[in-house]
Amino acid sequence: MSSASRSHDHTAASREVIDASDIARALTRIAHEILERNKGSANVVILGIPTRGVPLAARIAAAMANVEGVEIPAGSLDITMYRDDLRLHPARALEPTDIPAGGIDDAVVILVDDVLFSGRTIRAALDAVNDLGRPAAVQLAVLVDRGHRQLPIRADFVGKNLPTSLSETVRVTLSEYDDNDGVVISNTNVSRGSS
Amino acid sequence: MKHHLLSSADLARDDAVLVLDTAAELLSLADRPIKKLPTLRGRTIVNLFFEDSTRTRISFEAAAKRLSADVINFSAKGSSVSKGESLKDTALTLEAMGADAVVIRHGSSGAPHRLANSGWVRSSVVNAGDGTHEHPTQALLDAFTMRKHLGDLDAKRVTIVGDVLHSRVARSNALLLSTLGAEVTLVAPPTLLPVGVETWPVQTSYDLDTSLDKCDAVMMLRVQAERMDAAFFPSAREYSRRYGLDDRRFKRLPEHAIVMHPGPMNRGMEISADVADSARSVIVEQVSNGVAVRMAVLYLLLSGADLSRTDPTASDSTKPEVVS
Amino acid sequence: MTAYLITGVSICGADQPSDLLLYDGRVADPAEAPSDAVPVDGTGLVALPGLVDLHTHLREPGREDAETVESGSRAAAMGGFTAVHAMANTDPVADTAGVVEQVWHLGQIAGYCDVRPVGAITVGLRGERLAELGAMADSDAHVRVFSDDGICVSDAVMMRRALEYVKAFDGVVAQHAQEPRLTEGAQMNESAMSGVLGMRGWPAVAEEAVIARDCLLAGHVGSRLHVCHVSTEGSVELIRWAKSKGWDVTAEVTPHHLMLTDDLVATYDPIYKVNPPLRTKADVEALRAGLADGTIDCVATDHAPHPTEDKECEWAAAAMGMLGLETALSVVQQTMVDTGLLDWAAVADRMAVRPARIGRVADQGHPLEVGAPANLVLYDPAASRVVEASTLQSLSRNTPYRGMQLPGSVTATFLRGRATVLDGQLQ
């Protein structure tokens, strides 16, 4: 998930649960699953949720393009203005929303995020999609599903199910933003939000 | 960001950049089928206008409505204010109505400051122009417009021309543009420069011609002809000749320079009609950028952590924060 | 009449404590104290002649919601004053013998201090026609100070005539020096601060130009000029120059101009809105130096009560003025005594002796010697307090010192031997 952490030195309590090659395999598998489920790539638009959903979306789109031999439209969808906790946190900067030129009307929109947790981000993303057009279908792809859902939301494509306790944090690193690809779980006694 | 936006001085460089970046994202909203965001659903924004300013009020109203806020327009004309109700009683009424933000335009310098700091209201206060003091959202939209055309404003040269003494736009722009790293030159007859302007973070000049050659943006301020009755200058004609942006001066501007005006314009006085309508005039664009900038301001002011109003049952986070 | 035997008090700051007997309205020899004299422990206290204020707005008649002669004189007693000069800008204006006698009588009835009415110079303060100055001088109120305070007598001829005319009864013209055209719509001191705050400035020259003209006029006609609430460095220089010419020019400074500066206006809190406006630090320093060297003769409060609604509003709509009577001595201690600029004997001179002399108040401002009228204040310079507007005697609350820690407190005030304040309590 997009992490507030700026630190790369993992504490003794943290452990890497997924490495770079796991991530690569998971994304390739997700790309194939998307193609299989939608019987090809026609009408598919991949939208990553900032921050780390965006490079994941791009990688999935690239993997799909490799198979299909055509370019897959991919972009980003910022959900900040649709969050339900805006009153609870200091205002944050908006991330870019970049919808591919064809728009999303009648398309199959694949939302991509790094970690699926409470489900509230996806709820917000569905609202945002709704304001941008009327897709034929919306599907959800996540690299990690760590459980603890607070809303009736499930992922269509999951890189890895990762049972966690609420006292743990899950941190996805991607080479586009971080030193390397990986997923790290660490224990923390300090928690914020609903975690 | 502070709880209020009363002066451009309230904005540190990071704050100002945050507003401008946010506005840039929000500008794309104008191209969407649904020009509305749910962000401020259930919040109440009051436009409290003691002075007529349809342009500014509509801009704030559009901004608030695009963020789904409830908007109450409170115009002092024809209201109890004109019957002698004090600013305090008006403020207490707004507080009782549960206003989350008050956008105030007032003829008296410092009235928004007074509203924000008197303890009468808990809402955020946004200064939409006070007397001859400041108009920070105008400065933000001017900076936004300049950034769109000129890129990063660091070391950019901006010339502001006209009645600086009575201009809240000039005050707010001088502060904000300096904060953003621009080099600001104020050009005016000596009678229309404020006392102490030498302590401002700007250059000043009495001569428009020498200030045009290298500037990246020139902003013409409205000059009211009434000022000549108070002997600030001898005649409209002389003012126009010495400080108006006419075609001759326009040709001296560098190719990339843009022409701005906060409006409403006196065509033929501070700016010629041809210049106002030229391709390098961004005056109309300033208006449309105003909505995005004011959306950004309202969003950033109102979505801050306001613990006094936190509903404990709503404490679930959309995207749980990670602490490492 | 109760006699008071004050023991161990420092008279005007003298190192050696001494005893003071107040008997039959006069200062008497302590050795002759009657057996029933009320003892007052003066240990640690400073005794000063009762303070005389040349510039007080009591607001009655007309604005009894802001202050009355009674409430204002209570405030005066609590501040250590035994005489105040009630300014003429009431409604109706104190421009006739009838009004000044009414104010004088109200003061007598209240009985907390001598209320000396100031007569208006011109009818209705309009600057057009001289008021009946002679009638006011001859009235029971014995007016000797004439002022259009609040409004400047800007017409040079009118000012000249007033200066000349009051010579007939040894009067003094107290000028509110403010060139009107230079201060149209002015809201605060003209300075870098006014430029930043977007407020119409009030240039020092608007005060100084009038003072210069008036000094020249006073010299020319050989009359007495008193300059109200001097607020700028340039004004101090002009008065110093006029005095060096031997002209009969006196001047006052307010406590707030000795302490507060125009940067407070950045709060936009109208509690700091006052005429003349708060000036710069350099002005404050010049005023302190001028008071210390005697260029400025006295401290006058310009006590200007305003009801809450006239201050709880935006700056431009607010009334000008601040309370002063109940904090004056403390402010003078902090700005002049604790800084080493004045000793207590000089404070007695600037706050009692000289103002009484300027106002021609016969039985005030005398040294505390045997036989002198028993007008005095006992003051504890070691005390300290946080000013609370709600505890003031004034009907109004517009003190700029609210919440501030100020040194000293008035322990007792005696008016002709009678305690108006005792143990810090109004009697």
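This is a predicted model: local features need pLDDT of at least 70, side-chain atom pairs count only at pLDDT 80 or more; totals for chains, interfaces and linings use all residues.
Colleague: What area is buried between domain 1 and domain 2 of chain C?
Modeller: About 3200 Å². Carbon and sulfur atoms give 60% of that. Buried area is the accessible area, with a 1.4 Å probe, that two parts lose on being put together, summed over both.

Colleague: Where are the domain bounds?
Modeller: Domain 1 of chain C is 4-46 + 372-426, and domain 2 is 50-359. The bounds come from an automatic or database domain assignment.

Colleague: How many residues are in contact across the two?
Modeller: 37 residues of domain 1 of chain C with 48 of domain 2. Contact means heavy atoms within 4.5 Å. The domain centres, taken over C-alpha atoms, are 25 Å apart.

Colleague: Helices now. What angle do H10 and H11 of chain C pack at?
Modeller: About 130 degrees, with axes 11 Å apart. H10(C) is residues 328-337 and H11(C) is 344-358. That angle makes H10(C) oblique to H11(C). Under 35 degrees counts as roughly parallel, over 145 as roughly antiparallel, 65 to 115 as roughly perpendicular, and the rest as oblique. Axes are lines fitted to C-alpha atoms, for helices over the stretch in contact, and angles run from 0 to 180 degrees between N-to-C directions. Helices are DSSP runs (H or I, at least four residues), numbered from the N terminus.

Colleague: Which residues make the contact?
Modeller: C:Ala328, C:Leu329, C:Val332, C:Gln333 and C:Val337 of H10(C), with C:Trp344, C:Val347 and C:Met351 of H11(C).

Colleague: And H4 with H6 in chain C, how do the axes cross?
Modeller: At roughly 45 degrees, coming within 10 Å. H4(C) covers residues 156-165 and H6(C) covers 204-221. So H4(C) is oblique to H6(C).

Colleague: Last topic. Which chains share the most contacts?
Modeller: Chains A and B, of the two pairs of chains in contact. No contact joins chain A and chain C. Their closest C-alpha atoms lie 27 Å apart.

Terms used:
Residues are numbered from 1 along each chain as its sequence is written. Chains are lettered from A and ligands numbered from 1 in the order in which they are written. Side-chain values use heavy atoms; hydrogens and water are left out. Helices (H or I, at least four residues) and strands (E, at least two) are DSSP runs, numbered from the N terminus.
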